[in-house]
Amino acid sequence: MPLPTLGPGLVPASAPETVQFSVRYALPEYVSFMWQHCGYIIRRRRIGTLATYWMQAKCTSSAALHFVAQGRSRHTYEFTIDTHGIVRASGSGVTLVPWGDVCSIRRYSRGFMMVLKRGTLPIPFRCLSHAQGESMARFGESVRALGRL
């Protein structure tokens, strides 16, 4: 089965289904996502073990402080992910992210991390059904395939 091509007007019949869910993040979960993601980014620089862990701890603690300051645990986010892009709605507004702004979708121990041109969107496994998790994996494969073109 060919991988789906993401983007308006470029969606074949084999495209993944629409993924809809809501999430309310918890600080330990968010810190876990950021620890793994920061570790991935920093290890790619090959700067040495001690410096890597120092920068990973600094990056993760900064993200945790930002999470608390922004009051992210008080908001429930409604996501709709389909072939047209990502829509994230909360009490503070709606964010539209086209697939062109998605650099990659990484899989971590607690869920998927959508790496955007400006920021990230963690998607916990606890919010997804098995079928939705498979759709997210297919979206990730599509983003990876488009990145190679």
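Helix H2 comprises the 22 residues 49-70, and at 1.5 Å a residue it should span 32 Å; the end C-alpha atoms are 31 Å apart, which agrees. The expected span is 1.5 Å times one less than the number of residues in the helix. Helices (H or I, at least four residues) and strands (E, at least two) are DSSP runs, numbered from the N terminus. The model is predicted: local features need pLDDT of at least 70 and side-chain atom pairs count only at pLDDT 80 or more, whereas totals for chains, interfaces and linings use all residues. Residues are numbered from 1 along each chain as its sequence is written, and side-chain values use heavy atoms, with hydrogens and water left out.

The buried residues of H2 are Thr52, Gln56, Thr60, Ala63, Ala64 and Phe67. Seen down the axis of H2, these buried residues fall within an arc of 100 degrees, so they line one face of the helix; the arc is taken from the directions from the helix axis to the C-beta atoms. An α-helix has 3.6 residues a turn, so residues three or four places apart point the same way. The face turned away from the buried side of H2 carries the exposed residues Leu50, Trp54, Lys58, Leu65, Val68 and Ala69. Buried means under 20% relative accessible area and exposed over 50%, with partly exposed in between (1.4 Å probe, protein chains only). After H2 comes Gly71, whose phi is positive, near 65 degrees.

The partner of the buried face is helix H1 (27-43), against which the buried residues of H2 pack. The two helices pack at an angle of about 145 degrees, with their axes 9 Å apart. Axes are lines fitted to C-alpha atoms, for helices over the stretch in contact, and angles run from 0 to 180 degrees between N-to-C directions. Residues of H1 that meet H2 include Leu27, Tyr30, Met34 and Trp35, and those of H2 that meet H1 include Gln56, Thr60, Ala63 and Phe67; contact means heavy atoms within 4.5 Å.

Turning to the strands, four of them form an open sheet in the order E1-E2-E3-E4, with antiparallel pairing. Its edge strands are E1 (19-23) and E4 (93-97), each of which pairs on one side only. From one strand to the next, the twist averages 15 degrees. Two strands pair if DSSP finds at least two bridges between them. Within this sheet, strand E2 (residues 77-82) is joined to strand E3 (residues 85-90) by five bridges, and the two run antiparallel; Thr80 stands opposite Val87 in E3.

Strand E1 contains Ser22, which counts as partly exposed at 37% relative accessibility. Not counting residues up to four places away in sequence, Ser22 touches Thr76, Tyr77, Glu78 and Cys127. Ser22 and Ile123 are 101 residues apart in sequence and 9.7 Å apart in space, C-alpha to C-alpha.

Strand E6 (residues 111-116) has six of its six residues buried, so it is largely enclosed by the rest of the structure. Five bridges join E6 to the antiparallel strand E5 (residues 102-107), and Val102 stands opposite Leu116 in E6. The hairpin from E5 to E6 passes through three residues. Strand E7 (residues 119-124) also runs antiparallel to E6 and is joined to it by six bridges. Met113 stands opposite Pro122 in E7, and the hairpin from E6 to E7 passes through two residues.
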